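Please find below a short note on the model under review.

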Amino acid sequence: MSIWEAVAVFAAGLGAGTINTIVGSGTLITFPVLLAVGLPPVTANVSNSLGLVPGSISGAIGYRRELAGQGRRVLRFSAAALTGGLAGAVLLLALPAGAFQAVVPALIALALVLVVIQPRLAAAVRARRERNGTTAHRDGGIALFTGLLLASAYGGYFGAAQGVLYLSLMGVLLSDDLQRLNALKNVLAALVNGVAVLFFLFVAHFDWTAVLLIAAGSALGGQLGAKVGRRLPPTALRAVIVAVGLAAIVQLLLK
């Protein structure tokens, strides 16, 4: 890897760490750069997953105030993240390349629709519960757990726009501030990447130069993303989520 290629990989890691903490989809920055510098697709994917772990941890630390009082959720959803992430990592090596290529853009589009209509949808759900005299499940119930399990499996497989999927699911099924949900999203992303990487360490080949460059950039980007993301009002954060998600769809369709 030349010096300019190394600079490009580090810069991609910085951008990915920043955008992952705010929304997600950082893989859409790093993965094409790793391919451009000559890494094979699977090596690029697993090296990218390991390199982004420090960024996810850094972002979660940056959002630590918003995590206060969410210990029960973290424990409950961690089971879904770890199980799904491991399943996705296994699928990456078992399935042919591009197996999810057709369904991923539609999946992201659905998530974006949920993000946009989430305030009205959540209000309608609350109104219905009030009419029926029922209360919401504190942690979203089996529907949210199942959704997070599937989103985590996708994250272990590839991960582009994984954060958008998490935020759309939690935004609809949990009655909470979007920033607090974003903090939870960062923890789940770190767990998914972490468990996938542990599996890859035994069965896949890494490019350690790329890993170290992305790790350094994403760790710095995680702190930067937390500073920016925590200051965004809900409407602005929702707009960023939609913009990033649309960019992800366009990039995936143009491949």
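1. Basis of the values. This is a predicted model, in which local features need pLDDT of at least 70, side-chain atom pairs count only at pLDDT 80 or more, and totals for chains, interfaces and linings use all residues. Residues are numbered from 1 along each chain as its sequence is written, and side-chain values use heavy atoms, with hydrogens and water left out.

2. Nonpolar cores. The largest nonpolar core comprises 52 residues; such a core is a set of buried Ala, Val, Leu, Ile, Met, Phe, Trp, Tyr and Cys residues joined through side-chain atoms within 4.5 Å. Buried means under 20% relative accessible area, exposed over 50%, and partly exposed in between (1.4 Å probe, protein chains only). Among the residues with the most contacts inside this core are Phe-77, Leu-148, Tyr-166 and Met-170. Helix H8 (residues 178-203) contributes the most to it, with eight residues; helices (H or I, at least four residues) are DSSP runs numbered from the N terminus. A second, separate core has six residues, including Tyr-63 and Ala-226.

3. Met-170. Apart from neighbours within four places in sequence, Met-170 is in contact (heavy atoms within 4.5 Å) with Phe-77, Leu-144, Leu-148, Leu-181, Leu-184 and Lys-185.

4. Helices H1 and H2. The axes of H1 (residues 3-22) and H2 (residues 27-36) come within 8 Å and cross at roughly 165 degrees; axes are lines fitted to C-alpha atoms, for helices over the stretch in contact, and angles run from 0 to 180 degrees between N-to-C directions. H1 is therefore roughly antiparallel to H2, a term applied to angles over 145 degrees. On the H1 side, the residues that meet H2 include Ala-8, Ala-12 and Ile-19, and on the H2 side they include Ile-29, Val-33 and Leu-34.

5. Ser-152. This residue belongs to helix H6 (residues 141-157). Ser-152 counts as buried because its relative accessibility is 1%. Not counting residues up to four places away in sequence, Ser-152 touches Ala-80, Ala-81, Gly-84, Gly-85, Tyr-166 and Val-192.

6. Gly-55. Helix H3 (residues 41-62) contains Gly-55, which is buried at 4% relative accessibility. With residues up to four places away in sequence left out, Gly-55 touches Thr-21, Ser-218, Ala-219 and Gly-222. Gly-55 and Gly-225 are 170 residues apart in sequence, yet 9.6 Å apart in space, C-alpha to C-alpha.

7. Leu-95. The loop between helix H4 (71-94) and helix H5 (103-132) holds Leu-95. At 32% relative accessibility, Leu-95 is partly exposed.

Note on methods
Helix = DSSP H or I, 4+ residues; strand = E, 2+ residues; numbered from the N terminus. Parallel < 35°, antiparallel > 145°, perpendicular 65-115°, else oblique.
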